[in-house]
Amino acid sequence: MPKSKVAAVLLAAGGATRFGRPKQLLEWDGRPLVAHVADTAWATGLNPLVVVLGAAAERVAPALEGRPLQVLRNYRWEEGVSTSLNVGLAALPPSVEAAIFLQVDQPLITPRFLRALVTRWRESGADIVVPAWEGQRGSPVLFARALFPKLAQLSGDVGGRALFAAHADRLATLPVEDPALLADADTPEEYARLCARPRRTPASFLRPVRALICDMDGVLWRGNTPLPGLRDFFALIAELGLRYVLVTNNASRTPGQYVEKLARFGVTTTTEHVLNSAQAAAAYLAEHAAPGATVYPVGGAGVREALLARGLRLVEGETAEHVVVGWDPHLTWDMMATAALAIRRGATFIGANPDRTFPSEEGLVPGAGSQLAMLEAATDVQPIVAGKPEPVLYRQALARMGATPEETLVIGDRLDTDILGGLRLGLPTAMLLSGIQSREDLARSPIHPDLVFDDLAALVRAWPR
Ligand SMILES: [Mg+2]
C-alpha cells in the first residue's frame with residue numbers, strides 16, 4: 001500500500017495586462033496570489049510542487065522564496081500555455097504518478113478540494129480527472145503519467161483540455177457541490193468581487209461545531225503545568241454536550257496515563273476520550289489486515305497495548321505480516337534487523353508517528369521518525385504513517401465520535417502536525433499560541449489555520465453561547 005506520488009504544477013507564466021501589476025502578485029490574505037495558491041498545493045501534500053513563471057518572472061520569483069517548491073522559468077511563455085506545460089512536465093521525476101495542473105488565479109481552491117481530485121483519481125483508475133457541475137467542466141485538472149507524453153506534444157496556446165475528447169473513455173469527473181470555489185480572477189472586476197466576498201467570523205466557525213479533536217501538550221498543559229482556561233474548557237464541553245477526542249502523536253504513553261495526568265489538574269475524563277498514534281496505527285491495521293494477523297512491534301508499552309487491544313497477534317520474528325514502529329528508547333540493532341527483514345519479505349510497514357526528533361531534557365534526540373528513516377533506508381519501502389499530519393489518526397478520531405469533518409474543530413499548537421492534518425481533511429482548525437509556536441512562526445508559515453487564539457481561555461471566551 002505505498003502512497004501514490006501526485007505532483008502539483010502551478011502554471012503562473014501568463015502576462016495579464018489588465019491589473020496594473022503582474023496578476024501573480026495581486027494580494028490575497030496578505031500574501032501574493034502565487035504564494036497563496038502554492039501554499040494550498042503544499043498543504044494538500046502534493047509533492048513535488050513546481051511553479052512555472054514567465055512574464056515578469058524576476059519580479060514574481062522573490063514572492064516564492066523560502067518555500068519548499070521548485071521555481072521554473074518558461075522563456076517562451078508568449079507562445080502560449082503549452083510551453084509552460086512542457087517546462088513543468090520536464091521537471092517531474094519518474095516516480096511521479098500523476099500531476100494536478102493549477103492556475104494562479106483560483107484563490108478559493110482548498111486542500112480538501114485538491115485531495116478530493118486525488119481520491120477520485122485513485123478510485124476511478126482514470127487518466128484524467130476534471131471537476132464538473134451542471135454540464136460544465138472546470139479547473140484544476142489531474143492528469144496521470146500515461147498522458148504526460150500527449151500533454152508534452154501540445155503546441156501553441158493549447159492546454160490539457162485538448163486531450164479530453166480523444167481520451168473520453170479515460171476521463172472521470174469530480175462532481176463539484178459549490179462551483180463558486182472554482183471562481184477565477186480573470187479581470188480586475190472579478191478579482192475585486194472575490195476580495196469583497198463575505199469573511200467568516202470566529203463565531204461562524206465555532207457555532208456549527210459539535211465535536212472536537214484536541215491536541216494535549218501545548219494546549220491543555222506544558223510539562224507539568226496546566227495552561228490557562230483548562231477547567232473552563234472542559235466545563236464548556238459539558239455545557240454544550242460536545243463530543244471530544246484528545247489526540248497525541250506520542251505513542252510511548254498509554255491513554256490511562258493521560259487520564260491520570262488530567263485528574264491531577266482537576267479534570268475528569270476517561271480513556272475512551274484519548275487516542276494516541278499507536279492506537280490509530282492499530283485501528284488502521286485492524287481494518288486492513290486479516291483477523292489474527294501477526295505483527296512485529298517496535299516500541300514501548302503504548303504500541304504493544306494498542307495492538308493487543310485490537311486482537312492482533314504479536315510475534316518476535318521476520319515472518320510477521322506487519323511491522324508497526326513507535327518510538328522506542330530501548331531500541332537495538334537486532335530489532336531493526338528483524339523489522340527490515342520482515343519488510344523485505346513483504347510485511348506492511350506502519351509507523352505510529354513521523355516526528356524525527358524527541359525533546360529530551362538534554363536536547364533533541366532521535367524520535368520515531370528517525371527510526372522510520374533508518375528502516376526506509378534499509379528497505380526502500382516508505383512507511384504508512386498513522387500520526388498527524390497524515391489522515392489516519394484524525395479519521396479514527398472522527399469515527400470514534402461518529403462526527404463529520406464539517407462539524408469537528410481541530411485544536412492544536414503545531415502548524416505542521418495539528419493544523420496541517422486538519423487542513424488536509426477539510427476540518428476547521430484553531431491554533432493556540434500557548435505551546436511550541438508563536439505569532440512569528442505563523443506569519444512565516446505556508447500553513448494557515450482558520451482561527452488563532454492565545455490560549456484555551458481565549459477560545460472559551462470567543463465561543464458563541
Ligand atoms: Mg502540541
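The legends below describe close-up views of a predicted model. Residues are numbered from 1 along each chain as its sequence is written. Because the model is predicted, local features need pLDDT of at least 70 and side-chain atom pairs count only at pLDDT 80 or more, while totals for chains, interfaces and linings use all residues.

**View 1. The largest nonpolar core.** This core has 74 residues. A nonpolar core is a set of buried Ala, Val, Leu, Ile, Met, Phe, Trp, Tyr and Cys residues joined through C-beta atoms within 7 Å. A residue is buried if 20 or more other C-beta atoms, placed from the backbone, lie within 10 Å of its own, exposed if 12 or fewer, and partly exposed in between. Among the residues with the most contacts inside the core are Ala281, Val323 and Ala386. Helix α10 (residues 277-288) gives the most to this core, seven residues; helices (H or I, at least four residues) and strands (E, at least two) are DSSP runs, numbered from the N terminus. Domain 2 (202-249 + 389-462) and domain 3 (278-385) both give residues to the core, so it lies between them; the domain bounds come from an automatic or database domain assignment.

**View 2. Helices α10 and α14.** The axes of α10 and α14 (residues 391-401) come within 9 Å and cross at roughly 80 degrees. That makes α10 roughly perpendicular to α14, a term for angles of 65 to 115 degrees. Axes are lines fitted to C-alpha atoms, for helices over the stretch in contact, and angles run from 0 to 180 degrees between N-to-C directions. Ser277, Ala280, Ala283 and Tyr284 in α10 meet Val392, Leu393 and Gln396 in α14; two residues are in contact if their C-beta atoms, placed from the backbone, lie within 7 Å.

**View 3. An open sheet of six strands.** The order is β15-β14-β11-β23-β24-β25, with parallel pairing. Two strands pair if DSSP finds at least two bridges between them. β15 (274-276) and β25 (451-453) stand at the edges with a single partner strand each, so one side of each has no neighbour in the sheet. Five bridges link β11 (residues 211-215) with β14 (residues 243-248), and valine 247 in β14 is the bridge partner of aspartate 215. Helix α15 (residues 415-425) lies across β11, β23 (408-412) and β24 (429-432).

**View 4. Strands β18 and β19.** Strand β18 (residues 322-325) runs parallel to β19, joined by four bridges. Histidine 322 stands opposite threonine 348 in β19. Both faces of β19 (residues 348-351) are covered: Thr348 and Ile350 on one side, and Phe349 and Gly351 on the other, are all buried.

Methods
Angles under 35 degrees count as roughly parallel, over 145 as roughly antiparallel, 65 to 115 as roughly perpendicular and the rest as oblique.
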